[in-house]
Structure formats: structure tokens, C-alpha cells
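Thanks, everyone. Please look at the structure first.

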Amino acid sequence: MRSARVFGWTQAIVVAALLLTASVSSAVSLEGAWVRVWPAPDVTDSPPVKILAGAHFAFGEQSADGSTALAGGGTYKVVGDVYLETIEYHYMPELIGQTIAFSCRIQDGQWHHAAQFTIDGRQFDIREIWQKIEDTASQ
């Protein structure tokens, strides 16, 4: 009888954990490829793209003439309405190793995120809107 109770509690804990995980992960799903729509890129530059896969992200953009390329990436996670990026590589070396917390929401199919922070005396104010890039291969 005792082992039946342990199995019952174990089952209940596993089911509760699965339900909790499902409700948290379905709150904001950012997996996929995104193009930044605001602030709009300079008309001569390629639009910035960000890709999120598993627990990793990477972004990149390039000037129209190819003379400047900006990139970065690392790991990310979403906790409620907070998107956390931990920078592992970046064109601005002072950001490497930093974890940045962004407010995060999906509105009308667009991902809005914003963060204000200071590193080495430099203030950053990031406010961006991203649009998901649809998978055209399956259409």
C-alpha cells in the first residue's frame, strides 16, 4: 500500500510539472526567425534578423555595401513577461558575459521588447519591434 501512495504522489508531481511547464512555455513562444520592423533599418541597409532556436539566439545585420556587419548571440530564456539574453559573443565586447532583461510581449503578431541598462558607464536604451518571418518553404 505504501508504494502505491509513493507512485501516486510521483505521478501527481510529474503531471503538475508538465502542466506548469506547458502553461509557462505557451505564454510567449519566440522560437523562430524574426526581422526587426521598428526602429526601421536605414533604407540602404539589410534589415536586422534574429533567430531563436532551443535556448540560443543569434542576430545579424549588414550595411548595403557590405562594409559593416554587426552580429551577436548567446542564450536566452523567457520568464513570464521578461526575456533574458546572456551575451556570449557580440560586436561590442563590453556586452559579452552580460545578462540583459527585456520587458517582452507579443501584440498583433509582433514581438515588442525593451530594456534600459548601464555597462561601463555607457547607457543603453533598447526598444525594438520584431515581426516573425513566415516559413515559405512549406507553402
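The largest pocket is lined by 23 residues, and Phe59, His90, Tyr91, Ile126 and Glu128 lie nearest its centre. A pocket here is an open set of points on a 1 Å grid over the protein atoms alone, where a 1.4 Å probe fits, with protein on both sides within 12 Å along at least five of seven lines; lining residues have an atom within 4 Å of a point. This is a predicted model, with pLDDT of at least 70 needed for local features and 80 or more for side-chain atom pairs, while totals for chains, interfaces and linings use all residues. Residues are numbered from 1 along each chain as its sequence is written, and side-chain values use heavy atoms, leaving out hydrogens and water.

The space in this largest pocket is about 430 Å³, taken as the space filled by probe spheres set on the points, which are joined across faces, edges and corners. S3, S5, S6 and S8 each give two or more residues to the lining, and S8 has the largest share, 6 residues. Strands are DSSP runs of E, at least two residues, numbered from the N terminus. By class, the lining has 14 nonpolar, 2 polar and 7 charged residues. Nonpolar covers Ala, Val, Leu, Ile, Met, Phe, Trp, Tyr, Cys and Pro; charged covers Asp, Glu, Lys and Arg; the others, Gly among them, are polar.

Now the rings. There are 7 aromatic pairs, counting rings of Phe, Tyr and Trp (its six-membered ring) with centres within 6.5 Å; planes under 30 degrees apart are stacked, over 60 edge-to-face, the rest tilted. Phe59 and Tyr91 are edge-to-face, because their centres are 6.4 Å apart and their planes at 75°. Phe59 is in strand S3 and Tyr91 in the loop between S5 and S6, so this pair ties together parts 32 residues apart in sequence. Trp111 and Trp130 form a tilted pair, 6.2 Å centre to centre with 35° between the planes.

Is Trp111 buried or exposed? Trp111 is buried, at 0% relative accessible area; buried means under 20%, exposed over 50% and partly exposed in between, with a 1.4 Å probe and protein chains only.

Last, the core. The largest nonpolar core has 19 residues, with Leu30, Leu52 and Trp111 among those with the most contacts inside it. Such a core is a set of buried Ala, Val, Leu, Ile, Met, Phe, Trp, Tyr and Cys residues joined through side-chain atoms within 4.5 Å. S7 gives the most to this core, 4 residues.
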